[in-house]
Amino acid sequence: MDTIKSVERFGDPWESKYGTMYPFAVTLEGGEQVFANGTSESPWWATAGSIVEIVEKGQTKKGNRKVSFSKPEGVQQPPRSAPVAQAKGSSRDEAISLAMIFKIAAERGGTPNESLDLARDLWDSFQEFIESPTSDISSSEEEAF
């Protein structure tokens with residue numbers, strides 16, 4: 001048995017004969033990193049503190065240890081946490097967000113420079129939110145919307 005220390009989405013989902021698979025980089029309590037696929041974006045084991053039995057699945061194409069997890073009998077699992085963080089290098093999501101921000105700024109009207117300034121302010125607010133989604137909204141951010 002082992003304990004999950006942290007989980008991070010790793011790469012894009014892919015299709016298999018079992019449906020959509022979501023790749024994860026998993027750090028175990030001892031510090032070892034392994035790679036596993038989940039059948040959802042938040043599998044049962046993707047909570048820090050989950051106690052798992054490791055099933056060896058060989059190696060990834062890059063030679064990393066690939067595993068799957070099973071639930072040990074009679075072991076109480078920790079409560080499930082919020083969904084797993086975004087995939088590592090979510091540049092596609094950022095590009096979509098940036099495009100939406102420019103669309104909003106352009107629809108607000110004004111000169112091109114005013115739209116660009118608004119887009120910059122919105123992007124800065126978006127980045128602050130991503131870094132700390134539970135922080136309070138400042139009055140300047142409220143005015144932007």
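The exercises below go through a predicted model of a protein, each with a worked solution.

Residues are numbered from 1 along each chain as its sequence is written. Because the model is predicted, local features need pLDDT of at least 70 and side-chain atom pairs count only at pLDDT 80 or more, while totals for chains, interfaces and linings use all residues, and side-chain values use heavy atoms, with hydrogens and water left out.

**Exercise 1. Find the mean pLDDT of the protein, and then the contacts of the stretches where pLDDT is below 50.**

Start from the term itself: pLDDT is the predictor's confidence in each residue, from 0 to 100. The mean for the protein is 80, with 81% of its residues at 70 or more. Next, residues 82-89 have a pLDDT below 50, and beyond near neighbours in sequence this stretch has 16 contacts in the model, where a contact means heavy atoms within 4.5 Å. Residues 137-145 also have a pLDDT below 50, with nine contacts in the model beyond near neighbours in sequence. Where pLDDT is low, the predicted coordinates should not be read in detail.

**Exercise 2. List the elements of the protein in order, and describe how β1 pairs.**

Helices (H or I, at least four residues) and strands (E, at least two) are DSSP runs, numbered from the N terminus. The protein has three helices and six strands, and from the N terminus on they run β-β-β-β-β-β-α-α-α. Two strands pair if DSSP finds at least two bridges between them. Strand β1 (residues 2-9) runs antiparallel to β5 (residues 51-59), joined by two bridges, and Asp2 stands opposite Val52 in β5. Between β1 and β3, which also run antiparallel, there are five bridges, and here Glu8 stands opposite Ala25 in β3.

**Exercise 3. State what share of the residues is buried.**

Buried means under 20% relative accessible area, exposed over 50%, and partly exposed in between (1.4 Å probe, protein chains only). By this rule, buried residues make up 26% of the 145 residues in the protein.

**Exercise 4. Among contacts between residues at least 6 apart in sequence, work out what share joins residues at least 24 apart.**

Take the contacts in the protein between residues at least 6 apart in sequence, and then keep those that join residues at least 24 apart, which gives 45%.
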